[in-house]
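Open the model in your viewer and keep the selection tool at hand. The stops below go from a pair of helices to the nonpolar cores and end at a single side chain.

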Amino acid sequence: MFDYRLKVFHTVATRLSFTKASEELHISQPAVTKHIKEIETQIGAKLFDRKGTSIQLTQSGKILFEHAEKIRNIYRDMEFEINQISQQHKGKLIIGASTTIAQYILPEILAKFNSYYKDIKIELLTGNTETISTLLKEEKIDLGIIEGESQSSYFEYKTFKPDEIVLAAKSDHPLAHKTLHLKDLYQLDLIFREQGSGTLEFIQNRLKEKEINIHELNTVMQLGSSESIKNYLLHSECMAFLSISTILNELKNNVLTVIDIKNFSIERDFHFILPKGDQSELIKLFLRFAE
């Protein structure tokens with residue numbers, strides 16, 4: 001029921017890309033542009049500014065996005081509450097999630113899901129992307145949510161939500177508030193996630209595209225979780241590439257800071273990973289809720 005033009009705007013604002021929005025909504029890019037222009041005409045304000053090849057929300061766009069998010073959630077809650085009256089959902093769902101998603105993204109979703117569907121029992125298994133893929137292949141979980149980039153022909157992949165990986169350091173680091181160049185990475189002491197981590201894979205691939213070999217960087221240590229890395233950074237001069245989702249509290253409390261790298265960013269999507277073929281009603285229900 002979410003107004004379609006508002007849905008188009010919400011998708012563009014979330015992705016900050018007309019192209020990605022058109023792909024996700026399965027409509028043409030001119031159609032996306034048309035819907036945005038219609039909203040701008042209706043409210044009498046510009047919603048996006050173009051910055052070279054990228055776009056950013058204007059102040060009016062930020063206000064509309066904030067309210068669109070609330071409207072979207074109201075519609076979602078209404079639909080699920082009505083659905084709860086007309087249908088009885090029971091069963092068990094075993095979900096596997098990459099460490100970052102399991103720690104920082106899923107708890108809120110699972111808590112709200114449980115408030116609607118108390119007769120559906122959920123078990124959450126946590127591991128890196130490689131581990132979750134193996135668990136799904138061995139049919140030990142019903143679905144996975146991963147952060148890795150590699151995809152296998154064994155599975156079906158659906159976009160869950162966007163994320164950004166940033167270079168982080170303690171807030172009083174000597175290089176805090178400075179803009180670095182990619183070549184400066186060779187002079188830094190860095191902490192990375194362990195082998196098999198989807199975050200590590202993504203970082204490695206994006207750096208490789210810029211002709212930066214991760215194996216030539218000064219890796220001080222590899223740690224098995226974002227929590228371990230964050231705590232390490234607080235007691236050292238090291239830096240680390242971390243999902244922005246993992247450091248929101250630290251940024252808010254000014255204990256960690258984001259180090260800008262000129263003309264370089266790492267954007268990615270978290271993905272649902274599913275066995276190929278028709279999915280169970282429980283899986284479909286959870287996907288609709290989480291999306």
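Select H1 and H3 to begin: they are roughly perpendicular to each other, because an angle of 65 to 115 degrees counts as such. H1 covers residues 4-15 and H3 covers residues 29-43; their axes cross at roughly 110° and come within 9 Å. Axes here are lines fitted to C-alpha atoms over the stretch in contact, with angles from 0 to 180 degrees between N-to-C directions. Helices (H or I, at least four residues) and strands (E, at least two) are DSSP runs, numbered from the N terminus.

This is a predicted model: local features need pLDDT of at least 70 and side-chain atom pairs pLDDT 80 or more, while totals for chains, interfaces and linings use all residues. Residues are numbered from 1 along each chain as its sequence is written, and side-chain values use heavy atoms, without hydrogens and water.

Next, select Phe160 and Phe286. Within the largest nonpolar core, which has 26 residues, these two touch the most other members. Such a core joins buried Ala, Val, Leu, Ile, Met, Phe, Trp, Tyr and Cys residues through side-chain atoms within 4.5 Å. H11 (281-290) is one of the elements that supply at least two residues, and H11 gives the most, with seven.

Show the surroundings of Phe286: among the residues it touches, beyond four places in sequence, are Leu93, Phe113 and Phe272. Contact means heavy atoms within 4.5 Å.

Last, go to glutamate 250 in helix H10 (residues 248-252). Is glutamate 250 buried or exposed? Glutamate 250 is buried, at 17% relative accessible area; buried means under 20%, exposed over 50% and partly exposed in between (1.4 Å probe, protein chains only). Outside four places in sequence, glutamate 250 is in contact with Lys230, Val255 and Leu256.

Note on methods
Angles under 35 degrees count as roughly parallel, over 145 as roughly antiparallel, 65 to 115 as roughly perpendicular and the rest as oblique.
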